[in-house]
Amino acid sequence: MYIISSCLAGISCRYDGKSSENQYVIELVKQGNAMPVCPELLGGLPVPRTCCEIIRNESGEQRVVSSEGQDFTREFAAGAEKTLEIARIIGATKAILKSKSPSCGCGLIYDGTFSGRLIEGNGLTAELLMKNGIEVINESDL
Ligand code: SF4
């Protein structure tokens, strides 16, 4: 069983009110092999919502902030915890998550400057799932 990013299944839950449909992921859902989850909605954020990126200070501490500087770390962390809870309930061992997102991104994320630059790193949900033994890939790896 897979956990998958809801936006990949065609649900319009992205920050800009759009989806990121992926046909392979949609088929997994239709076959009953995947559970769509949007960590940011689970964390209590609305659609549409302000664009956020992860920033790190010198000691490596990370926060999730909007382009206006508002701190949404708590909401993103709560969404990650709830996603892990769902993964455990359904016995998911794998996740296919949306690339580059501060929640779902795996391997590469935006660098926190809102300039479109990418750096190595994981979104909060991807990181938490991986720490708990769930294999995470992005839709771009399919
Ligand atoms: Fe898609 Fe994940 Fe962003 Fe939700 S949090 S819109 S599932 S990338």
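In which loop does Pro48 lie?

Reply: Pro48 lies in the loop between α2 and β3. Helices (H or I, at least four residues) and strands (E, at least two) are DSSP runs, numbered from the N terminus. This is a predicted model, so local features need pLDDT of at least 70 and side-chain atom pairs pLDDT 80 or more, while totals for chains, interfaces and linings use all residues. Residues are numbered from 1 along each chain as its sequence is written, and side-chain values use heavy atoms, without hydrogens or water.

The peptide bond from Val47 to Pro48 is cis. Its omega is near -5°.

α2 covers residues 39-42, and β3 covers 52-56. Both α2 and β3 give two or more residues to the lining of the largest pocket. A pocket is an open set of points on a 1 Å grid over the protein atoms alone, with protein on both sides within 12 Å along at least five of seven lines; a cavity is a set where a 1.4 Å probe fits but cannot get out; lining residues have an atom within 4 Å of a point.

The largest pocket has a volume of about 460 Å³. A volume is the space filled by probe spheres set on the points, which are joined across faces, edges and corners. The pocket is lined by 26 residues. Nearest its centre lie Arg14, Tyr15, Lys98, Ser101 and Pro102. The lining divides into 13 nonpolar, seven polar and six charged residues. Here Ala, Val, Leu, Ile, Met, Phe, Trp, Tyr, Cys and Pro count as nonpolar, Asp, Glu, Lys and Arg as charged, and the others, Gly among them, as polar.

14 residues surround the ligand, each with a heavy atom within 4 Å of it. The closest are Cys7, Cys38, Glu40, Lys98 and Cys104. Lys98 was named above among the residues nearest the pocket centre. By class, this shell has six nonpolar, four polar and four charged residues.

β3 gives the most to it, with three residues. β6 (106-110) gives two or more. Five of the lining residues are nonpolar, one is polar and two are charged.

Follow Lys100 from that list. Lys100 sits in the loop between β5 and β6. Its phi is near 70°, a positive value in a residue other than glycine. At 33% relative accessibility, Lys100 is partly exposed. Buried means under 20% relative accessible area, exposed over 50%, and partly exposed in between (1.4 Å probe, protein chains only).

Phe114 lies between β6 and β7 (118-122). Its phi is about 55°, although Phe114 is not a glycine. Phe114 is partly exposed, with a relative accessible area of 29%.

Arg14 forms a salt bridge with Asp16, with the closest N and O atoms 2.5 Å apart. That term means a side-chain nitrogen of Lys or Arg within 4 Å of a carboxyl oxygen of Asp or Glu. Both partners are partly exposed: Arg14 has a relative accessible area of 24%, and Asp16 has 28%. By this rule the count comes to seven salt bridges.

Another of them joins Arg117 and Asp111, at 3.0 Å. Here the partners contrast. Arg117 is exposed, at 52%. Asp111 is buried, at 18%. A further pair is Arg63 and Asp71, 3.1 Å from N to O. Arg63 is partly exposed at 37%, and Asp71 has a value of 37%.

Finish at helix α4 (residues 124-131). Leu124, Thr125, Ala126, Leu128 and Leu129 are buried there. Gly133 follows α4, with a positive phi near 85°.
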